[in-house]
Amino acid sequence: MSPSVLLVGLGNMGRKYLSKLLELGIKPALCDIDETLRREFSDFPFYCHYGEVEGDISTVFVAINPRFHPEVARYFLPTGAFVLLEKPPALGYGDFSRLTEEFENPPLGVSEIERYSFAVRDFKPQPQRVKRVVINRLNAGKGYINPVWDLAWHDLYLILYLFGEFEIKTVERRGEYYYTVRGEILKSIPFELNVAWNHPGVNRSWQIETEDGPILLDFLNERRIEGDKLTSFREMGDKLSEMVRDCLRGDYDTSSVQRALFILKELERIGKDL
């Protein structure tokens with residue numbers, strides 16, 4: 001057992017974190033406001049409030065309603081624990097920026113699981129040769145806020161990670177849970193991002209049009225195809241385990257916080273009531 005690891009939230013994503021921690025041989029302490037879960041997880045240290053957690057905690061994974069993410073992080077950061085927040089890390093730029101300003105170089109990260117996909121492993125695009133990017137993130141499930149805030153987040157941090165800053169120009173609602181976001185990357189590359197909940201055909205991919213031919217980033221199958229050549233493909237392991245392992249080792253990219261601040265400011269500009 002490793003009581004130095006705490007998992008806050010046992011919903012859909014929280015249970016995925018728990019599964020990966022157990023696969024890595026780590027039995028964390030658990031925290032969830034649902035008291036009835038105590039019976040299901042009777043073999044774990046279990047708390048209904050993070051303030052009740054006992055012992056030294058080195059790593060905290062937080063996967064709850066994003067409204068409460070800053071509150072939980074603010075409690076554990078002064079202890080020196082590394083805190084990973086699921087995305088979005090807050091419901092607004094102000095809430096998250098105040099949190100980051102309270103601490104100097106906080107041991108804090110925001111979940112960026114798609115950075116670990118083999119679709120982008122060792123991928124170094126040349127922006128000057130990119131003509132257009134068309135992105136689809138069409139999911140069967142449903143999230144907390146709306147598809148733009150919950151799903152587009154993955155592709156927006158990938159844009160920042162792979163290319164640089166972007167600007168959202170328009171958001172078009174095309175169905176009850178289907179939206180198309182259009183904008184520009186580096187003020188010169190047009191992008192279109194389609195996001196949906198409850199979609200019958202799952203699609204998580206990028207089509208990058210370049211002067212040298214098309215590039216497909218297939219996140220569903222974790223592969224990259226450049227022209228007609230398969231250039232990257234996952235043969236073993238999984239991206240969530242790799243992300244969790246980096247958090248436990250203290251190797252997680254804390255610049256994810258700056259990307260999150262940029263995304264929150266941009267999303268806040270277009271509003272939550274889409």
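**Helix packing and loop geometry in the predicted model**

In helix α3 (residues 69–76), the buried residues are H69, P70, V72, A73 and F76, where buried stands for under 20% relative accessible area, exposed for over 50% and partly exposed for in between, with a 1.4 Å probe and protein chains only. Because these residues cover an arc of only 165° around the axis, they sit on the same side of α3; the arc is that of the directions from the helix axis to the C-beta atoms. An α-helix has 3.6 residues a turn, so residues three or four places apart point the same way. The cover over the buried residues of α3 includes β1 (5–8), β4, β5, α4 (93–102) and β6 (108–110). Helices (H or I, at least four residues) and strands (E, at least two) are DSSP runs, numbered from the N terminus, and contact is taken as heavy atoms within 4.5 Å.

A word on the model itself: it is predicted, with local features needing pLDDT of at least 70 and side-chain atom pairs counting only at pLDDT 80 or more, while totals for chains, interfaces and linings use all residues. Residues are numbered from 1 along each chain as its sequence is written, and side-chain values use heavy atoms, with hydrogens and water left out.

Helix α4, part of the cover of α3, packs against α3 at an angle of about 10°, with the two axes 10 Å apart. This makes α3 roughly parallel to α4. P70, A73 and R74 of α3 make the contact with D95, R98, L99 and E102 of α4. Here axes are lines fitted to C-alpha atoms, for helices over the stretch in contact, and angles run from 0 to 180 degrees between N-to-C directions. Angles under 35 degrees count as roughly parallel, over 145 as roughly antiparallel, 65 to 115 as roughly perpendicular and the rest as oblique.

Helix α4 also meets α8: their axes come within 9 Å and cross at roughly 155°. This makes α4 roughly antiparallel to α8. The contact brings Y93, G94, F96, S97 and T100 of α4 together with V257, A260, L261, L264, K265 and E268 of α8. The crossing of α4 and α8 is left-handed, meaning that the near helix is turned anticlockwise from the far one by less than a right angle, whereas clockwise gives a right-handed crossing.

Helix α8 (residues 256–270) has a further partner in helix α6 (residues 152–162), and the axes of this pair come within 10 Å and cross at roughly 125°. Helices α6 and α8 are therefore oblique to each other, and α6 passes α8 in a right-handed crossing. On the α6 side the contact is made by W153, L156, Y157, L160 and Y161, and on the α8 side by R259, A260, F262, I263, L264 and L267.

How is helix α7 placed in the structure? Of the 11 residues of α7 (residues 239–249), 8 are buried, so this helix is largely enclosed by the rest of the structure. The buried residues of α7 are K239, L240, S241, E242, M243, V244, D246 and C247. What covers them includes α1 (12–23), β4 (59–62) and β5 (82–85). Just after α7, G250 takes a positive phi of about 80°.

Most residues other than glycine have a negative phi, and most peptide bonds are trans. In the loop between β5 and α4 lies P88, joined to K87 by a cis peptide bond with omega of about -10°. P88 is buried, with a relative accessible area of 2%. Leaving aside neighbours within four places in sequence, P88 is in contact with P66, H69, I145, W149, D150 and W153.

The loop between β9 (178–185) and β10 (189–196) holds L186, which has a positive phi of about 55° although it is not a glycine. K187, found in the loop between β9 and β10, is likewise not a glycine and has a positive phi of about 60°. L186 is partly exposed at 36% relative accessibility, while K187 is exposed at 75%.

Finally, G9 lies in the loop between β1 and α1 and, at 2% relative accessibility, counts as buried. Apart from neighbours within four places in sequence, G9 is in contact with G14, C31, D32, A63 and I64.
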